[in-house]
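Subject: Structure for your review

Dear colleague,

Please find the structure below for your study.

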Amino acid sequence: MQSTVSIAPQAEVQPNVIAEVRGGIGWLTLNRPQALNALSLEMIRAMSHALLAWQHDPEVHAVILRGEGGKALCAGGDIRFFHRAATANDPQLITFFTEEYRLNHLIFSYAKPYIALMDGVVMGGGMGISQGASLRVVTERTKMAMPETNIGLFPDVGGGWFLARVPGQVGEYLGVTGQMIEAADALSVGLADCHVTTEALSAIVQRLHDGNWSSAEQIAACFTEAASAPDDAKAIIAPHREAIDDCFSQGSVQGIFADLAGSTDAEWAAQTAAHMAKRSPLMMAVTLELIRRGRHTTLADELRRELDMMTHVFAEGDGIEGIRALAVDKDHAPKWKHTSIDAVRDDEVTAFFVSPWRHEQHPLLGLSD
């Protein structure tokens, strides 16, 4: 059957985002492989423009998000831009997060099936554009994380909401530590829906690209019918689930460290404590509070809260220093505001949850619950 091809108008095609309608599918391809498809403001705008155009287009039955290059769907936001903008007091920094969070909300509430091919690295902002998908496909190359505490940030893009909804205390564990997980763990805690091999994924994408599809059910079935069990040899969560729930149920990061020190799952606990010792003490405490609050909020309210918090991260937090150490000077020796978690005060944490805007002036006021 002859497939129909409709290339999106030029306004929808950016150098790093390719948006096209082909065979009844809206294809969104992140095309910045040299940066592991990290998101720029222009990419966020291109994605938003295409999704809004396709939402009511009768020729589009489903949307598929994919990343070019074979190494990543998306490694997150462009943190070098964050550093430049923050140090220059550039208002584009808050514009970036405002528009990114609007995109995240659009994806979570999208009117049509949205399929995220989470092949390769999917971290930070990459999670924000994939966790709201109706079908989240992982492969043996998937490397998933919310690693923000390592650079003095917190798990944003709705992370305080979706991490709060994974089983037990796994959300606190993933958010506070920034631990990377692979396909088996992602499936086991509901951060993915379907595993296919990269070989199968390539064949499915080619089949979908060459075909002419009339229903979303047919499109989704191409993935679910090819699903296979992932290799669980590198699973972290299931083998240590009891210890994770015990340690990360504590009311403070100090309490988590204390429980890790006394855990009977000694090797895992020692590795986890060592991992946490490299993270920003302040942002680990903020992240723990974020996820606890996230259990009692809507996604729209969560995204508004996270925008509030992001203004504090770069004004009083560890964001500039964390990004400097990892991505600018690359000395991997951040000088955090606090040398240990014991130095972090409760009032410092609480300050992150105070909005700098009056309610009626909030940039994300229009998000619906």
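**Strands 2 and 3**

Strand 2 and strand 3 (residues 25–30) run antiparallel and are joined by six bridges. Helices (H or I, at least four residues) and strands (E, at least two) are DSSP runs, numbered from the N terminus, and two strands pair if DSSP finds at least two bridges between them. Strand 2 (residues 17–22) is largely enclosed by the rest of the structure, because five of its six residues are buried. Buried means under 20% relative accessible area, exposed over 50%, and partly exposed in between (1.4 Å probe, protein chains only).

Please note that this is a predicted model, in which local features need pLDDT of at least 70 and side-chain atom pairs count only at pLDDT 80 or more, while totals for chains, interfaces and linings use all residues. Residues are numbered from 1 along each chain as its sequence is written, and side-chain values use heavy atoms, with hydrogens and water left out.

Strands of a sheet pair through backbone hydrogen bonds, either parallel or antiparallel. An open sheet of three strands has the order 5-7-9, with parallel pairing. Its edge strands, strand 5 (72–74) and strand 9 (143–145), each pair on one side only. From one strand to the next, the twist averages 15 degrees. Strand 7 (residues 121–123) runs parallel to strand 9 and is joined to it by three bridges; Met 123 has Ala 145 in strand 9 as its bridge partner.

How do helix 11 and helix 13 pack, and at what angle? Helix 11 (residues 253–261) and helix 13 (residues 281–294) have axes 9 Å apart and pack at an angle of about 100 degrees. Helix 11 is therefore roughly perpendicular to helix 13. Axes are lines fitted to C-alpha atoms, for helices over the stretch in contact, and angles run from 0 to 180 degrees between N-to-C directions. Angles under 35 degrees count as roughly parallel, over 145 as roughly antiparallel, 65 to 115 as roughly perpendicular and the rest as oblique. Val 253, Ile 256 and Phe 257 of helix 11 meet Met 284, Ala 285 and Leu 288 of helix 13, where contact means heavy atoms within 4.5 Å.

In helix 12 (residues 266–276), the residues Trp 268, Ala 269, Thr 272 and Met 276 are buried. These buried residues fall within an arc of 95 degrees seen down the axis of helix 12, so they line one face of the helix; the arc is that of the directions from the helix axis to the C-beta atoms. Glu 267 and Gln 271, on the other side of helix 12, are exposed. Among the elements that cover the buried residues of helix 12 are helix 6 (170–177), helix 10 (241–247), helix 11 and helix 13.

Leu 103 is placed in helix 3 (residues 92–108) and is buried, with a relative accessible area of 1%. Leaving aside neighbours within four places in sequence, Leu 103 is in contact with Ile 44, Met 47, Ser 48, Leu 51 and Ile 129.

Thr 297 lies in the loop between helix 13 and helix 14 (299–315). Thr 297 is buried, with a relative accessible area of 12%.

Yours sincerely
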